[in-house]
Each structure stands twice: as C-alpha cells, then as structure tokens.
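Welcome! Take a moment to look over the sequence and the model before reading on.

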Amino acid sequence: MASKNLHKASAMIQVSLAWVPPSPGQYKLNVDGTRKSASGCIGAGGVIRDSFGDWTCGFAANLGRGQILEAEMWGLFFGLKLAKDRGICNLLVEMDSAVAVKLVKNSTTLGLHPVASLASCCWELIGKFETCALQHIYRERNVVADCIAQWSYNMDLGVCLFDMAPSWVGASLVDDLIGVTRTRLVCSE
C-alpha cells in the first residue's frame, strides 16, 4: 500500500496557473458555485471580462440551501443569461467544476439526473450565442468568480448584478490583470 501511495505522489507535478484573457473580440465568463457544509447554504458568482481583462459585468446569487452541483449549475445559468442579456455574441466560459461542464455537454443523455433540466437550459443558452465554448479550468484560474461566489452569503436570497467591479474583488482583479500565478499539484500523466 505504501508503495502505491509513493508512486502516486511521484506522478504529481507542480504547475503555475494564471487567469488568461480571452482573444480579441471575445469575452470571457468565469463562474463558480460555493457551499457551506455546516449549514448547506449555497451561492454562486461570476464575472464577464473583455480581451483586455476589463470588467464588463458580474453577478452574485444567494441560492438558499442545496448541493454544490446545484450552485455550480445555477452560476453557469445566471452567467450565460447575463452575457446574452448584455448582447455578447462571442463568449468563452470557464468554470472549475469538471462535473458541471460534463453534465452540460451531455445534457441530452441525463435522463432523471437531479440537475438534468438546468443542464439542458444551460446547453440551450449556449446555442444562442454566435460562438460559445464551455471549458473546465482549475480553481487557481477562477479566483475572481470564487471571491464573488463567497460574497453571495452576505446578501439576501436572489441575484445581484454588478455593472462595476465591487471594491472587495479589486485585489483579485489586479492579480489577474498582471498575470499573478498560483501553484497547483497536478497529475503528470
């Protein structure tokens, strides 16, 4: 058993990760969900930035109680809806929930999965953009969205839109703009 764990540890490498702005003419939506395990409270947050990394708009959602996957999916739904409502045509969507990304991309085969309807709604929204790609990223590239999602616990139930960046995300936004890296251990295989 010890040799198996040693082998697994040696298969890990440390990588440096930073938020990357979208291509010129494209917008990037970063979304995240959060859950407090003690209370079961869930929330979500997201930010849309342009190819210069400048804030376009964002949102926070206090969703009451539920599961983390619900929070991730609602975050994606609200972010897509916000981008569509703002007239954005060319969108790259990033989130740190690989499960949510997989569910949305396979939404037609989910059957009776608890988030099947929400995944289907997200897939339909994605189809309404001129171009829209959904991809999984590590949380180290999703710090601003995480910050907003964590803040959602401070508000009443519902969604709050931000046309300007709130002051409490300023440091994380600056870090992203200047390319601050965060390290993570990942499998080398």
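This is a predicted model: local features need pLDDT of at least 70, side-chain atom pairs count only at pLDDT 80 or more; totals for chains, interfaces and linings use all residues.

Residues are numbered from 1 along each chain as its sequence is written, and side-chain values use heavy atoms, leaving out hydrogens and water.

Let's begin with the rings. Across the whole structure, a search finds seven aromatic pairs (ring centres of Phe, Tyr or Trp, with its six-membered ring, within 6.5 Å; planes under 30 degrees apart are stacked, over 60 edge-to-face, the rest tilted). Two of these pairs are shown here:

| Pair | Centre to centre | Angle between planes | Type |
|---|---|---|---|
| F77 and F78 | 5.7 Å | 65° | edge-to-face |
| F162 and W168 | 5.9 Å | 85° | edge-to-face |

F77 and F78 are both buried (under 20% relative accessible area; exposed is over 50%, partly exposed in between, with a 1.4 Å probe and protein chains only). They also belong to one aromatic cluster with F59 and W74. In the other pair, F162 is buried at 10%, and W168 is partly exposed at 32%.

Now for helix 6, residues 170-178 (helices are DSSP runs of H or I, at least four residues, numbered from the N terminus). Its buried residues are S172, L173 and D176. After helix 6 comes G179, with a positive phi near 80°.

Terms used:
Helices (H or I, at least four residues) and strands (E, at least two) are DSSP runs, numbered from the N terminus.
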